Amino acid sequence: MATSLKSLSLYSDKNLLDMSQKKFGIVVSEWNDQVTESLFTAAVETLLKHGVKKDNIFRKNVPGSFELTLGAQWLAEIKEIDAVICLGCVIQGETRHFDFICDAVAHGITHVGLKYNKPVIFGVLTPNTLQQALDRAGGKHGNKGDEAAITAIKMLGF
């Protein structure tokens, strides 16, 4: 497993552009909120650390990870928003529901970014267990929220 070899919170901050005027939309799934709230907190802390103004971070909640795509599209439609970060967590269950949701969300988020020609970041955990999710939401593997935020910043500097 890739994250067992690397902390999600470790990244290079070389050659980053000034983010003080950039605006970020963050869409957060309410499902598995113990995990998604931790992802959100880390994403905001990373954005602030790199010069994003608190007033330039806009949060919207959606019921579950499946709805991240439409929430991302609604934020991406706002011209002033420079990048959108999608945060969610889909934990493997006993049925194929996991496969359908993960596939739809990954394709949907990709589509929104291409449609609006702006970074739309996939910050969605897809673990087998709640413990694996917690390990990637501030636990022993760092925090995917950090990774999602720095990805948005780096893509704006592309």
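Visitor: How many salt bridges does a search of the whole structure find?
Guide: The model is a predicted one. Side chains of opposite charge can pair when their charged atoms come close. Here a salt bridge needs a side-chain nitrogen of Lys or Arg within 4 Å of a carboxyl oxygen of Asp or Glu. Searching the whole structure on that basis, the number of salt bridges found is 2.

Visitor: Which residue forms a salt bridge with Arg 59?
Guide: Arg 59 lies in strand E2, residues 57-62, and its partner lies in helix H1, residues 33-49, so the pair ties together parts that are 22 residues apart in sequence. The closest N and O atoms are 2.6 Å apart, and the partner is Glu 37.

Visitor: What separates the mean positions of the positive and negative charges of the chain?
Guide: The chain carries 17 positive and 17 negative charges.

Visitor: What pattern does the chain follow along the sequence?
Guide: The chain has 5 helices and 6 strands. Read along the sequence, their order is β-α-β-α-β-α-β-α-β-β-α.

Visitor: What radius of gyration does the chain have?
Guide: The C-alpha atoms fill a box of roughly 45 × 30 × 25 Å along the principal axes. For 158 residues, a compact globule would have a radius of gyration near 15 Å. The chain agrees with that, at 15 Å.

Visitor: What share of the contacts with a separation of 6 or more comes from residues 24 or more positions apart?
Guide: A contact here means heavy atoms within 4.5 Å. Among the contacts in the chain with a separation of 6 or more, residues 24 or more positions apart account for 79%.

Visitor: Is Thr 36 buried or exposed?
Guide: Thr 36 is found in helix H1. Leaving out residues up to four places away in sequence, it touches Val 28, Ser 29, Trp 31, Leu 87, Gly 88 and Cys 89. Its relative accessibility is 0%, so Thr 36 counts as buried.

Visitor: How far is Gly 108 from Ala 72 in space, C-alpha to C-alpha?
Guide: Gly 108 is found in helix H3, residues 97-116, and is buried, with a relative accessible area of 10%. Gly 108 and Ala 72 are 36 residues apart in sequence, and their C-alpha distance is 9.1 Å.

Visitor: What is phi of Asn 32 near?
Guide: Most residues other than glycine have a negative phi. Asn 32, in the loop between strand E1 and H1, is partly exposed at 21% relative accessibility. Its phi is positive, near 60 degrees.

Visitor: Is Asn 117 buried or exposed?
Guide: Asn 117 lies in the loop between H3 and strand E4, and its phi is positive, near 55 degrees. A residue counts as exposed over 50% relative accessible area. At 71%, Asn 117 counts as exposed.

Conventions:
Residues numbered from 1 in each chain as written. Predicted model: local features only at pLDDT ≥ 70, side-chain atom pairs only at ≥ 80, totals over all residues. Heavy atoms only, no water. Helix = DSSP H or I, 4+ residues; strand = E, 2+ residues; numbered from the N terminus. Rg over C-alpha atoms; globule rule 2.2 N^0.38 Å. Lys, Arg positive; Asp, Glu negative; His and termini not counted. Charge placed at Lys NZ, Arg CZ, Asp CG, Glu CD. Buried < 20%, exposed > 50% of the residue type's maximum accessible area, 1.4 Å probe, protein only.
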